[in-house]
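Please examine the sequence and the structure shown below.

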Amino acid sequence: MSSPTGPASGLPVRMPRPRQPGRHRRPEPVVAPEGAPTLVLAVPGTPSAAIRSLAEEVVSIARSELPGLEAAIGYLDGDDAEYPTLGSVLTRSAALRTERYELARAAGREVAEPAGPASVVVPLLAGPDSALIRRIRQAVMDSRATAELTDVLGPHPLLAEALHVRLSEAGLARADRARLFTVATAADGIVLATVGGDEAVQAAGITGMLLAARLAVPVMAAALDQEGAVAATAEELRTSGSAQLALAPYLVGPEVPDGLLAAAAAEAGCSAAEPLGAYPAIGKLVLSQYTTVLGITPQPQGAQSL
């Protein structure tokens with residue numbers, strides 16, 4: 001045994017570490033509130049093993065930023081077998097919340113009756129796509145579950161960072177901001193490719209301005225789902241003096257049909273970077289949309305510096 005003044009037997013006693021005073025004190029980590037709604041990632045496109053892996057990685061990043069987060073994945077074109085549909089995931093999340101409440105009451109715990117949304121639905125979309133958003137909203141309504149739908153992930157400076165990284169990985173942009181070395185294949189003009197029509201192009205253009213500031217080259221947005229738009233934008237860049245172009249997908253990945261990016265790049269006569277995929281910024285922005293609804297702010301981990 002040990003006494004208040006020290007160990008009685010001479011054995012060491014683990015003492016609590018005092019909190020560091022002053023403004024340099026490490027902030028307490030934020031965790032998901034008890035009873036918080038489920039974060040439901042709404043994934044567009046035809047489900048596949050690759051898309052599931054991408055979605056799971058995005059959710060994993062979000063969980064690492066907010067311990068205790070309960071998250072699920074719902075596929076807009078799922079089959080409720082291998083790939084659960086968004087509607088079924090929302091229904092199950094609402095039922096689970098009610099079940100937990102009833103079990104807690106049966107165990108004699110004093111718990112508040114569930115209030116507010118059972119789920120917060122975050123579309124896995126970098127930019128607006130009215131057709132997909134309508135389908136996601138309809139799935140939420142059809143589920144009859146209490147759920148709140150957030151905005152898409154962009155425009156946002158973190159997406160400009162992610163685009164820069166993908167271009168540098170493909171050898172199409174310098175990886176540093178200081179221009180301390182050159183890349184022979186670096187592009188001197190970027191076509192920012194998106195889907196969702198004119199609204200998506202306008203939103204992508206905002207992130208494009210941030211990307212242009214990072215790379216010091218012109219960046220113009222174009223819609224993949226408008227025939228000839230990417231090639232016309234590439235020609236406009238060439239007319240203005242750009243000779244070596246690159247296609248940067250302003251897309252997470254699942255929302256674009258297979259082969260569309262490659263065909264657009266070939267038509268425009270330029271090389272292409274990979275979609276944003278499960279870049280860490282995507283998971284952080286998904287979580288940011290969720291925590292905005294809850295009114296909490298996780299401790300920032302910092303963006304990758306290039």
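What does the accessible surface of the protein come to, and what share of it belongs to carbon and sulfur atoms? The surface comes to about 16000 Å², with 53% belonging to carbon and sulfur atoms (Shrake-Rupley method, 1.4 Å probe; for residues, only the protein chains shown count as cover). This is a predicted model, in which local features need pLDDT of at least 70 and side-chain atom pairs count only at pLDDT 80 or more, while totals for chains, interfaces and linings use all residues. Residues are numbered from 1 along each chain as its sequence is written, and side-chain values use heavy atoms, leaving out hydrogens and water.

The protein has eight helices and ten strands (DSSP runs numbered from the N terminus: helices are H or I of at least four residues, strands E of at least two). Of its 306 residues, 46% count as buried (under 20% relative accessible area, with exposed over 50% and partly exposed in between; 1.4 Å probe, protein chains only).

Helix α1 comprises residues 49-65. Its buried residues are I51, L54, A55, V58, V59, I61, A62 and E65. They lie on the same side of α1 because they cover an arc of only 155 degrees around the axis (taken from the directions from the helix axis to the C-beta atoms). On the other side, A50 and S64 are exposed. The cover over the buried residues of α1 includes β3 (38-43), β4 (71-75) and α8 (280-294).

Leaving aside neighbours within four places in sequence, I190 is in contact with residues including L167, L211 and M220 (contact means heavy atoms within 4.5 Å).

Methods:
Expected span 1.5 Å × (residues − 1).
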